[in-house]
Structures are given as structure tokens and as C-alpha cells.
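Please keep the sequence and the structure in view while reading.

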Amino acid sequence: MSKFITCITISNNDEKGLSQTLESVEAQTEKPYEHIVVVSDTLGIDEIVDEYSRDYRIFFINQDSSLYNAMNIGIREANGNGVYFLN
């Protein structure tokens, strides 16, 4: 079994902050990892998804009902040996 981490990002109505977080993850040199992004009520999300789609990144858009629900979505979908949140 290969070892990797899961990074979960939760974002609500923060296009600029989400883009900055995605750039930060892109800059990581340690591989492998997966990145789960749970995002709600964000203008320009289609453009963000187009720009930042990668093999290791999964977007869940407008599927959560609260912060903790969004966190649980990320945890439920995580496949890594370790999980951390990066917002």
C-alpha cells in the first residue's frame, strides 16, 4: 500500500482565499497527496475548477450544509494515510 496524505480545503464565499490556498497546495514538493476541496457559494467557481483541476484534486461544489458538514464530506472521501485541513 502506498502512503500518501489527504489535504482537505473548506471554502465558503471566498474566491480569492480559495485561489490562494490552491496555489499553496500546487507549490508543495512532497508527493504523493490528494486534495479534496469542498466549496460553497463562490462566484467564479467554474473558472477556478477549470484552472486548478488536477489528477489528485476532487471538488465538491455546493454539497454541504455547514462548516462541519463540509469537513465530514472531506473526511468521508479521504483515502490518505493522514488527513489535514488547509483553509
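Predicted model: local features only at pLDDT ≥ 70, side-chain atom pairs only at ≥ 80, totals over all residues.

In which strand is Val83 found? Val83 belongs to strand 4, which spans residues 82-85.

**Surface patches**

Together with Ile75 and Phe85, Val83 forms a nonpolar patch on the surface. The accessible area of these three residues together is about 240 Å².

The surface also carries a patch of negative charge, in which Asp14, Glu15, Glu23, Asp46, Glu47, Asp50 and Glu51 gather. Two elements, helix 1 (15-26) and helix 2 (45-52), each give two or more residues to this patch. Which helix gives the most to the negative patch? Helix 2 does, with four residues. Asp14, another member of the patch, is placed in the loop between strand 1 (5-12) and helix 1. The relative accessibility of Asp14 is 37%, so this residue counts as partly exposed.

**Salt bridges**

How many salt bridges does the structure hold? The count comes to three.

| Partners | Distance, N to O |
|---|---|
| Arg54 and Glu26 | 3.2 Å |
| Arg57 and Glu26 | 2.9 Å |
| Glu77 and Arg76 | 3.7 Å |

Each of these pairs qualifies because a salt bridge requires a side-chain nitrogen of Lys or Arg within 4 Å of a carboxyl oxygen of Asp or Glu.

The salt bridge between Arg54 and Glu26 links two separate elements of the chain. Arg54 lies in the loop between helix 2 and strand 3, whereas Glu26 lies in helix 1, so the pair ties together parts that are 28 residues apart in sequence. Arg54 counts as partly exposed, at 32% relative accessibility. Glu26 is also partly exposed, with a relative accessible area of 24%.

Glu26 meets Arg57 in a salt bridge as well. Since Arg57 lies in strand 3 and Glu26 in helix 1, this pair ties together parts that are 31 residues apart in sequence. Is Arg57 buried or exposed? At 6% relative accessibility, Arg57 counts as buried, because the limit for that class is under 20%.

The side chains of Glu77 and Arg76 form a further salt bridge. Glu77 is partly exposed, with a relative accessible area of 28%, while Arg76 counts as exposed at 58% relative accessibility. Salt bridges that share partners join Glu26, Arg54 and Arg57 into one network.

**The aromatic pair**

The structure holds one aromatic pair. The ring centres of Tyr33 and Tyr56 are 4.9 Å apart and the ring planes stand at 70 degrees, so the pair is edge-to-face. This label follows because planes over 60 degrees apart count as edge-to-face. Tyr33 lies in strand 2 (residues 33-40) and Tyr56 in the loop between helix 2 and strand 3 (57-61); the pair therefore ties together parts that are 23 residues apart in sequence. Tyr33 counts as buried, at 10% relative accessibility, whereas Tyr56 counts as partly exposed, at 23%.

Strand 2 is also the place of His35. This residue counts as buried, with a relative accessibility of 0%. His35 and Ile58 are 23 residues apart in sequence, and their C-alpha atoms are 6.3 Å apart in space.

**Positive phi angles**

The final topic is the backbone. Most residues other than glycine have a negative phi. Which phi does Asp41 have? Asp41 has a positive phi of about 50 degrees, although it is not a glycine. Asp41 is found in the loop between strand 2 and helix 2.

The location of Asn62 is the loop between strand 3 and helix 3 (67-77).

Definitions and conventions: Residues numbered from 1 in each chain as written. Heavy atoms only, no water. Patch = residues over 30% accessible without salt bridge, like charges linked within 9 Å, V, L, I, M, F, W, Y side chains within 5 Å. Areas by Shrake-Rupley, 256 points an atom, 1.4 Å probe, with all protein chains shown as cover. Lys, Arg positive; Asp, Glu negative; His and termini not counted. Charge placed at Lys NZ, Arg CZ, Asp CG, Glu CD. Buried < 20%, exposed > 50% of the residue type's maximum accessible area, 1.4 Å probe, protein only. Phe/Tyr/Trp six-rings, centres within 6.5 Å; stacked < 30°, edge-to-face > 60°.
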